[in-house]
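Please read each point alongside the coordinates.

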Amino acid sequence: MKKNSTLRLYENAHGNDWRSNFFSLPNEIFSFELDAVAIAIYAYLRCLENRRKKDRDRHTCYPSYKQIGDAVRCSKHTVSKYVAQLCEKRLIDIEQTQITTKSGRKQNGHLKYHLLPIKAAIQYRHERQVEREAQRRERERVAKLLEKQASSASEVNAQYVKTVPAHAADEADASAPSLACAEPSYVDPGHARVPEELPS
């Protein structure tokens, strides 16, 4: 297969290792509903990843938040925010590393970024979509059941009010104990008996 003139010119300018100046970006990355900054960070991590086939640290890199921020023109806080978004989508995984100082003291080093297989991320996204759809349907089912129960209770109450006869309500009122106090008896002073005077 003959090489075109553009490829020959590039090889002459950059040597035989010209492929190391490029990196691949999967087309599926644009289906994850990522913000532009998240895509830029993911692309930068892909650019830095170790692509040596026989290396046990393949598909990993160790940039700091500051290095990533300088590359994509954003703050360290913003980098941290979108790195968390990429982890949530299962596109990357992060691991805290440790370094040993000259004095022998261990301390935290840079984060180690693992770029996960894009097919696994797609499968995880599909599973999450199925789970959310099942939860949505369950919420709708419960809402319809509660609405049906409330409607049935209202119909029963309305039917009860229609079937109770009017005289039953009057009898219920009549049978209720009276709380009125009995009026005191009144004695007319003109008819009151006066004790007779005893004879002297």
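1. Orientation of α4. The buried residues of α4 are Val 79, Tyr 82, Val 83, Gln 85 and Leu 86. They cover an arc of only 155 degrees around the axis, which puts them on the same side of α4; the arc is taken over the directions from the helix axis to the C-beta atoms.

2. Basis of the model. The coordinates are a predicted model, in which local features need pLDDT of at least 70 and side-chain atom pairs count only at pLDDT 80 or more, while totals for chains, interfaces and linings use all residues. Residues are numbered from 1 along each chain as its sequence is written, and side-chain values use heavy atoms, with hydrogens and water left out.

3. Overall architecture. The protein has six helices and three strands, and these follow the pattern α-α-β-α-α-β-β-α-α along the sequence. Helices (H or I, at least four residues) and strands (E, at least two) are DSSP runs, numbered from the N terminus. Of the 200 residues in the protein, 18% are buried. Among contacts with a separation of 6 or more, 50% link residues 24 or more positions apart; a contact means heavy atoms within 4.5 Å.

4. Geometry and surroundings of α4. This helix comprises residues 76-88, 13 residues in total, and its first and last C-alpha atoms lie 18 Å apart, close to the 18 Å expected at 1.5 Å a residue. The expected span is 1.5 Å times one less than the number of residues. The packing partners of its buried residues are α2 (36-48), α3 (65-72), β2 (92-100) and β3 (106-115). Just after α4, Arg 90 adopts a positive phi of about 60 degrees.

5. Nonpolar core. Which residues touch the most other members of the largest nonpolar core? They are Leu 91 and Ile 92, in a core of 22 residues. α2, α4, β3 and α5 (118-163) each supply at least two residues of this core, and α2 gives the most, with six. A nonpolar core is defined as a set of buried Ala, Val, Leu, Ile, Met, Phe, Trp, Tyr and Cys residues joined through side-chain atoms within 4.5 Å. Not counting residues up to four places away in sequence, Leu 91 touches Ile 29, Phe 32, Leu 34, Tyr 42, Leu 86, His 114, Leu 115, Leu 116, Ile 118 and Ala 121.

6. Asn 50 is found in the loop between α2 and β1 (60-61). Its relative accessible area is 12%, so Asn 50 is buried. With residues up to four places away in sequence not counted, Asn 50 touches Asp 55, Asp 57, Arg 58, His 59 and Thr 60.

7. Cysteines. The structure holds zero disulfides, a disulfide being a pair of cysteine sulfur atoms within 2.5 Å. Cys 47 is in no disulfide, and the nearest cysteine sulfur, that of Cys 61, is 9.3 Å away. Cys 47 is partly exposed, with a relative accessible area of 35%, and Cys 87 also counts as partly exposed, at 22%.

8. The structure holds seven salt bridges, each a side-chain nitrogen of Lys or Arg within 4 Å of a carboxyl oxygen of Asp or Glu. One of them joins Asp 70 to Lys 66, with the closest N and O atoms 3.0 Å apart. Both residues lie in helix α3, four residues apart, about one turn of the helix. Asp 70 is partly exposed at 44% relative accessibility, whereas Lys 66 is exposed at 52%.

9. Arg 128 is partly exposed at 32% relative accessibility, as is Glu 131 at 37%. A further salt bridge pairs the side chains of Arg 141 and Glu 138 (2.8 Å, N to O). Arg 141 and Glu 138 are three residues apart in helix α5, so about one helical turn separates them. Salt bridges that share partners also join Glu 133, Arg 136, Arg 137 and Glu 140 into one network.

Note on methods: Buried means under 20% relative accessible area, exposed over 50%, partly exposed in between (1.4 Å probe, protein chains only).
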